[in-house]
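Here are my notes on the model you sent over. Have it open while you read.

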Amino acid sequence: MPELELVDLDKSYGEIHALRDMSLTVGSGEIFGFVGSNGAGKTTAMRIAVGVLAADAGTVRWAGQPVGLAVSSRIGYMPEERGLYPRMRVGSQLRYLARLHGRSPAQAEEAVQRWTHVLGISSRLDDEVQKLSLGNQQRVQLCAALVFEPDILILDEPFSGLDPVAVDVMSQVLRERADAGVPVLFSSHQLDLVERLCDRVGIIKDGSMVAVGSIDELRGRGGLRWQVEGPAADTGWPERVPGARVLSSRGSLTVVEVDRPGQADDAGQELLQAALAVGPVDAFGPVRPHLVELYRHAVSDSGGPPTGDRVDEGARR
Ligand SMILES: Nc1ncnc2c1ncn2[C@@H]1O[C@H](COP(=O)(O)OP(=O)(O)OP(=O)(O)O)[C@@H](O)[C@H]1O
């Protein structure tokens with residue numbers, strides 16, 4: 001099945017080095033969440049992938065071939081700055097875009113009816129775009145990316161400003177498109193949503209990918225964490241376990257991370273035994289860090305675990 005590859009992209013705007021050897025791959029049927037701080041380079045990378053911006057170096061490939069005009073016209077793109085004509089009516093605009101991408105009048109009409117219905121804006125077909133709320137304009141924008149049945153979806157912050165119901169609808173649409181085999185790449189600062197929705201996540205910092213993988217992969221390669229409800233940490237039991245570090249301690253509640261790459265399998269039992277040697281343990285279990293913590297760690301200067309997975313995507317090729 002075809003996959004979208006961004007390979008060793010490099011881009012500068014004058015003095016600003018926006019992308020440095022940046023690579024990522026989105027497989028067919030995969031939703032890939034692209035996250036990073038403001039100015040990290042997400043929009044630049046996506047604009048290059050779509051073909052509206054040229055890279056200084058690197059390539060974008062689809063099904064193993066460099067992306068040319070024919071392929072880029074099959075990409076459904078939702079730009080961050082949005083791209084609708086404010087005075088044009090919703091229906092006319094969407095029909096026009098579908099026709100522009102080669103759909104017949106009947107196909108365009110069918111797609112406009114279907115997608116506006118799915119996204120809950122079918123009653124607004126005759127309204128000018130500028131008269132819609134920002135969230136509804138965003139729904140139209142997603143329709144615009146979908147009405148020509150694209151082979152690839154690239155969406156720049158599609159969820160920003162949407163209400164919770166619209167977020168759910170948008171999430172379902174992206175999942176359904178991915179299930180139909182479309183690679184879906186989107187950027188977002190809503191890390192809880194990315195964690196919930198994406199098959200894989202890429203974290204970009206200063207134009208370079210610093211971590212790539214499924215959430216479990218990002219969790220799994222670094223230090224493992226446990227929460228212990230029992231003897232207070234200042235009784236010294238955590239120090240008895242090699243590689244253990246207290247992350248937080250409040251009374252009887254202690255969170256400990258054990259950093260022993262490749263040999264942490266027994267660490268949980270060792271921690272439990274160490275705590276029990278000091279006093280009773282009421283609760284004990286692993287802690288699974290959320291993406292927001294993995295992200296903070298990956299973009300912090302210290303780097304290192306728990307994200308661990310400092311993948312050079314080039315190694316996947
Ligand atoms: N047209 C431009 N001219 C000059 N510099 C630019 C231009 N576009 C982006 N940059 C710079 O390139 C860097 C990457 O910006 P980019 O918009 O790709 O980041 P981003 O990760 O999408 O950020 P955000 O999350 O804020 O949207 C930033 O330093 C930005 O100021």
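The points below take the sheet, then a helix pair, then the ligand site.

1. Ground rules. This is a predicted model, in which local features need pLDDT of at least 70 and side-chain atom pairs count only at pLDDT 80 or more, while totals for chains, interfaces and linings use all residues. Residue numbers start from 1 along each chain as its sequence is written. Helices (H or I, at least four residues) and strands (E, at least two) are DSSP runs, numbered from the N terminus.

2. The sheet. Four strands make an open sheet in the order β2-β1-β4-β5, and the pairing is antiparallel. Two strands count as paired if DSSP finds at least two bridges between them. The edges are β2 and β5 (65–66), each pairing on one side only.

3. Strand β1. β1 (residues 4–13) is joined to β2 by seven bridges, with E5 opposite T25 and L6 partnered by L24. β1 also pairs with β4, again antiparallel, over five bridges; there V7 stands opposite T59. Worth a look is the hairpin of β1 and β2: two residues lie between the strands, and G14 in that turn has a positive phi of about 55 degrees.

4. Helices α3 and α4. The axes of α3 (residues 90–100) and α4 (residues 105–118) come within 9 Å and cross at roughly 130 degrees. Axes here are lines fitted to C-alpha atoms, for helices over the stretch in contact, with angles from 0 to 180 degrees between N-to-C directions. That angle makes α3 oblique to α4 (under 35 degrees is roughly parallel, over 145 roughly antiparallel, 65 to 115 roughly perpendicular, and the rest oblique).

5. What touches what there. On the α3 side the contact uses G91, L94, R95, A98 and R99; α4 brings P105, Q107, A108, E109, A111 and V112. Contact means C-beta atoms, placed from the backbone, within 7 Å. By class, that contact has six nonpolar, two polar and three charged residues. The classes are: Ala, Val, Leu, Ile, Met, Phe, Trp, Tyr, Cys and Pro nonpolar; Asp, Glu, Lys and Arg charged; the others, Gly among them, polar.

6. The ligand shell. Which residues are around the ligand? They are Y13, I16, A18, G36, N38, G39, A40, G41, K42, T43, T44 and E80, where near means a C-beta atom, placed from the backbone, within 6 Å. β2 (16–26) and α1 (42–50) are the elements giving two or more residues, and α1 has the largest share, three residues. The shell divides into four nonpolar, six polar and two charged residues.

Note on methods. Two residues are in contact if their C-beta atoms, placed from the backbone, lie within 7 Å.
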